[in-house]
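Subject: Handing over the two-chain model

Hi,

Here is the structure I promised to pass on.

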Amino acid sequence: MSFAHGFHLFLFSTHIPAGYWWIDFIRVVVRALMSMFGILLTVPPLIWLERRLLGFMQQRLGPNRVGPWGLFQPLADALKLLMKEDIIPNNVDRTLYVVAPILMLMPTLVTAGVIPWGPSQLWGAAAPNVNVGILYALAWSSLGVYGVVLAGWSSNNKYSLLGGLRSSAQMISYELGMGLAIVTVVLITGSLGTSDIVQHQANQFWGTAWMVHEGIGFPKWHIFRLFPMGFVAGAIYIISMVAETNRAPFDLPEAETELVAGYHTEYTSMKFAMFFMAEYGNMVVVSAIAVTLFFGGWSVFPVLEHLPPFMVNLYHSWGRFGDGLTDVVNSIIPTVWFMAKVFCFLWSFIWIRATLPRLRYDMLMNFGWKGILPIALGNILCVAFAIVYGYFVGLAIWIVLGVVVLVVTAGTTSSKKFTAKTRLQNTLRLTNVAEPFVTTAHAGYGRQTLPPDASSELTSSQPAGDLDSEKYATSDAVRN
Amino acid sequence: MGLWDDIKALGQEISAPGKGMAITGSYVGRDTITVSYPEVRRPLSRRARWRHVLNRYENGLEKCIGCSLCAGACPANAIYVKAAENTEEKRVSPGERYAEQYEINMLRCIFCGYCEEACPVQAVQLKDIYELADDDRADFIYTKDMMLVPDPNLT
């Protein structure tokens, strides 16, 4: 077999003749390396983008000295980190200390294996359409939590331990939300394989018969399907993915002003670089999964996924090489669209970081368990009904549940506290009295009074001087 | 304060991040407020007190008459003045004396400006030259030729 024939088999053929199994083996290895390096090589441009874009959104320039527009800044960062002294503190658990960054980076790279970046059955992903695709991704991201908690534990530092525990608790809480949003998509698609999920969204449009035939119209991505259930699932997934990657506004465990640097305080040099790469790689991977599940993966309008006919003819006139070139370019174009969509998500990550203040840790956990999880469960219920009994049944149940939830949560105490503008407003709404707390119970403290113009409602109801200390139980020790 | 108000308030709270992102997003294409430092230097106020200069008169004679009032006024004892007589052949300043050696130890100087206030002829002044970083302690003793302004008649 000549080299050209072998190379052609390697690139294009799904059926390798017996005896040449090693062509398939090399193909597997090349695909795995492509996916791993694809994620790793995305990290330096992402670092550059974050620093520049964050700067522009904060009305300042980002780094612009190291190369044109600061493009070599990530290289300078990497060199600096490599040349730093690699310190291992004295009383750390050495094995865990060294293994923890690896444990955090590895799941990111491995998850990239099931992300479909193109439609081709051979080169479309590292593991094209393995039938447990999205479950594999979810399982590996759960294992990534080990890296965080082991980093915090092995650092022999109270604050690192706290940061590590907080971070891991946050990650597992929001993984539930992610998982339930993924269940929604799996229900709609009927398969766990990522290529199946993308195929379920590709080349399907809403519109007139002519529009659908021509391949234009409103794309039937999962985020628009079974509206608003797909949209709610997509929103839940997006919020959960920001929390999963410990990005702002969910970045309390690693915020510099809070716990020094959280679980990676004691790490320097290459190990810190691995945490860094793991965080950015995680951003890329969850964005890619979001694009795959909800935004149609590599698909846009079919007319944009192939070379235009005049270019195909041009290449054809170049002979067999031209035909090969056509095939190669045609398989690259959907990947470019996929990367453009992932780029939009990464832009949004940075945009959200520039805008939103940090969530306090208890607010974060409350939001995950009492907000995201019930909403995701209710959404799954509605999607299940919609699939079995038709869209309108599901929509009706969604509307009923939504109204019930809205009325209940808008009326609760916690929600009123959440939306009150002033303490006085809050107090009035909660108790209808201006002074719910009596401070005369404490010896030595004066009675807390309101300024005369506190509220018009107050002057119409009972006057402030009405609250006597006899009405409230005080302990005998204080009274005497 | 009814249910509808609560729902409206909830809606406002949910849409608040979107409005915030619209603001930060609108900053992206616009000019930044960064001053690109070595290419552009921000103008300082008129009375900014940085490095000393020794002035001259229009005819080229130095203003400094070596009276050491600045050395006496300096709270950090940073100035060293060694005076010498003006002779007929060599006239450096109008008056009897001139400063043969005039040194300021910038590591001791606190940039208070008392020397500028004490000088009777307005010879020493603190200007807005602030790029004074160096890496050897000995180089921080600024001598007279480092601080003297150029002779206008020689340019």
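Predicted model: local features only at pLDDT ≥ 70, side-chain atom pairs only at ≥ 80, totals over all residues.

Residues are numbered from 1 along each chain as its sequence is written, while chains are lettered from A and ligands numbered from 1 in the order in which they are written.

On confidence, the predictor gives the complex an ipTM of 0.79 and a pTM of 0.82.

Now the place where the chains meet. Chain A puts 19 residues into the contact and chain B 17 residues; two residues are in contact if their C-beta atoms, placed from the backbone, lie within 7 Å. On the chain A side, α2 (21-57), α12 (320-355), α14 (391-411) and α15 (413-419) each supply at least two residues. Helices here are DSSP runs of H or I with at least four residues, strands are runs of E with at least two, and both are numbered from the N terminus.

Chain A also holds the largest nonpolar core, with 91 residues. A core is a set of buried Ala, Val, Leu, Ile, Met, Phe, Trp, Tyr and Cys residues joined through C-beta atoms within 7 Å. Buried means 20 or more other C-beta atoms within 10 Å of the residue's own, exposed means 12 or fewer, and partly exposed is in between, with C-beta atoms placed from the backbone. Ile236(A), Tyr237(A) and Ala290(A) touch the most other members, and helix α10 (residues 269-294) of chain A gives the most, 16 residues. Among the residues that Tyr237(A) touches are Met178(A) and Phe294(A).

His264(A) sits in the loop between α9 (229-244) and α10 of chain A. It counts as buried because it has 28 C-beta neighbours inside 10 Å. Beyond four places in sequence, its contacts are Ala151(A), Phe272(A) and Phe275(A).

Over in chain B, strands β2 (residues 79-85) and β3 (residues 97-105) run antiparallel, joined by 7 bridges; strands pair if DSSP finds at least two bridges between them. Val81(B) has Tyr102(B) in β3(B) as its bridge partner. Tyr102(B) also belongs to a second, separate core of 19 residues, which includes Leu54(B).

Cheers
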